[in-house]
Amino acid sequence: MTDRNNIQSKNSEAVLSSAGGFTAFSFGGYNIRFKAPYSLERYVDVVRWDDGYLVVLAKYSHNTMPEEEYIDLKPILSSLYIDSEAFLKPIKKVRVAYA
């Protein structure tokens, strides 16, 4: 029973990260990259996930403390001709991860 729950959790979990001046959002075999703010060092935590709208804590080079940042994925997906409703529906959780 536990294995099944882990599989379902992984299938419904997306990953947020950043590298080389870009933000990466990974889910379902897609790795969507878009330009990040110039002073972003890293994402620290996901505060809230709301159907394509993220509230995250981000660490910037000009501030010693993490700041709240907002990411709206729907216009990004739309510009990539990805059906945002179908893409976002199975996502239940987003976590920050770095290799």
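1. A contact here means heavy atoms within 4.5 Å. On that basis, 39% of the contacts in the protein with a separation of 6 or more come from residues 24 or more positions apart. The structure under review is a predicted model, and the points below should be read accordingly.

2. Confidence. The average pLDDT of the protein is 90, and 89% of the residues score at least 70. Where pLDDT is low, the predicted coordinates should not be read in detail.

3. Overall make-up. Three helices and seven strands are present in the protein. Their sequence order is α-β-β-β-β-β-β-α-α-β. Of the 99 residues, 35% are buried. The accessible surface is about 6500 Å², with 51% of it belonging to carbon and sulfur atoms.

4. The open sheet. Four strands make up an open sheet with mixed pairing, in the order β3-β2-β1-β7. Its edges are β3 and β7 (93–96); each has a single partner strand, so one side of each is left without a neighbour in the sheet. From one strand to the next, the twist averages 25°.

5. Strand β2 (residues 22–27) runs antiparallel to strand β3 (residues 30–35), and six bridges join the two. Within this pair, T23 has F34 as its bridge partner in β3, while F25 stands opposite I32. Two residues lie between the strands of the hairpin, and G28 in the turn has a positive phi of about 55°.

6. The nonpolar core. Which residues have the most contacts inside the largest nonpolar core? They are F25, L54, L73, F87, I91 and V94, in a core of 23 residues. Two or more residues each are given to this core by β1 (13–19), β2, β3, β4 (40–50), β5 (53–60), α2 (73–79) and α3 (84–88). The core therefore draws on helices as well as strands, among them α2 and β1.

7. V94 and F25 in context. V94 belongs to the group with the most contacts inside the core. Leaving aside neighbours within four places in sequence, V94 is in contact with A14, L16, F25, V46, W49 and L54. Two of these partners, F25 and L54, are also listed with the most contacts inside the core.

Definitions and conventions
Residues are numbered from 1 along each chain as its sequence is written. This is a predicted model: local features need pLDDT of at least 70, side-chain atom pairs count only at pLDDT 80 or more; totals for chains, interfaces and linings use all residues. Side-chain values use heavy atoms; hydrogens and water are left out. Buried means under 20% relative accessible area, exposed over 50%, partly exposed in between (1.4 Å probe, protein chains only). Accessible areas come from the Shrake-Rupley method with a 1.4 Å probe; for residues, only the protein chains shown count as cover. Two strands pair if DSSP finds at least two bridges between them. pLDDT is the predictor's confidence in each residue, from 0 to 100. Axes are lines fitted to C-alpha atoms, for helices over the stretch in contact, and angles run from 0 to 180 degrees between N-to-C directions. A nonpolar core is a set of buried Ala, Val, Leu, Ile, Met, Phe, Trp, Tyr and Cys residues joined through side-chain atoms within 4.5 Å.
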